[in-house]
Amino acid sequence: MFFSEQSHPSSFDLQNHRHTFVTAEDFSFLSEHGINTVRIPVGWWIVQDPDPPAPFIGGTLAALDRAFSWAEVYNIRCIIDLHAAPGSQNGMEHSASRDGSVNWPSTEYITQSLDVIEFLSSRYADNPALLGIELLNEPSAAAVPIDILVSYYKSGYQIVRNYSSTAYVVVCQRIGNADPMELYEANIGDTNVVVDVHYYNLFDAYFVDLNPLQNMQFIYDSRVPQLQALNNANGPLVFIDNSWKNGLSSCTTLAVIVWAIILAFYGSLLL
């Protein structure tokens, strides 16, 4: 969420949060319990760290560097996720929208987003902890046309490949009334392309009274057939992020054994 001038934490408070909320001990815990990958969201302003524009607070790049150093120590791989693009790609607070507006689908903001991908690729491509780069999190189906998104994904793919021939390039499905199969048919890149599919067992009255077992049964009955179709298709690998009602969450994958955690590396955003 964005903080108002009255509630905005001091730089000291936020830096203290970054140094204590997720630590090396957390990476040790994950490694000890067989979790081998983390997905780390970043905002577009990371390229201007340590002096990002207001209202963002510097320090996000140092926090990301620390995560990579811990990942190397504990044999964990990292997926860097562009979670907040300039102008906001979905109007949600976690994409840095103040008022719900979605202004990302513009030449200026798309170019700026590709600059972020180049910055991240050039900085981390040779880091042994890098598993992949996610080009954009949850673009809105209602506000982001598929042709504009596919063009952006293809350009982002080429940028990553300029620095790494092996890093996974992760492309997220559009959120809303959109079929992830549209990305399978887009021919975004030749190698190591992963479609990130986000399923939400919430935001709909249907899920209000379901208990955890009923939630899981819904996955088997309604999600599995689509995932099987995607996994059997001649196209990218599949990464599944499933969110449950009442704060329960689970992330799994059909392509690699991946569990995702969100690290609070935002400047003025906290997920």
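Predicted model: local features only at pLDDT ≥ 70, side-chain atom pairs only at ≥ 80, totals over all residues.

**Overall fold.** I counted seven helices and seven strands in the protein chain, taking helices as DSSP runs of H or I with at least four residues, strands as runs of E with at least two, both numbered from the N terminus. Along the sequence I read the pattern α-α-β-α-β-α-β-α-β-α-β-α-β-β. Residues are numbered from 1 along each chain as its sequence is written, and side-chain values use heavy atoms, with hydrogens and water left out.

I then took contacts (heavy atoms within 4.5 Å). Among those between residues at least 6 apart in sequence, 73% join residues at least 24 apart.

**Helix α2.** Which residues of α2 are buried? In this helix, residues 24-32, I found A24, F27, S28 and L30 buried. Seen down the axis, these buried residues fall within an arc of 160°, so they line one face of α2; the arc is that of the directions from the helix axis to the C-beta atoms. Their cover includes β1 (37-43) and α3 (60-73). On the other side of α2, E25 and E32 are exposed. After α2 comes G34, with a positive phi near 80°.

**Helices α4 and α5.** I looked at how α4 (residues 107-124) packs with α5 (residues 146-163): the angle is about 25° and the axes are 9 Å apart. The axes are lines fitted to C-alpha atoms over the stretch in contact, and angles run from 0 to 180 degrees between N-to-C directions. The two helices are therefore roughly parallel (angles under 35 degrees; over 145 is roughly antiparallel, 65 to 115 roughly perpendicular and the rest oblique). From α4, the residues that meet α5 include I110, L114 and I117; from α5, those that meet α4 include I148, Y152 and I159.

**Y109.** I also checked Y109, which is found in α4. Y109 is partly exposed, with a relative accessible area of 25%. Leaving aside neighbours within four places in sequence, Y109 is in contact with P86, G87, N103 and W104. Y109 and A85 are 24 residues apart in sequence, and their C-alpha atoms are 7.7 Å apart.

Definitions and conventions: Buried < 20%, exposed > 50% of the residue type's maximum accessible area, 1.4 Å probe, protein only.
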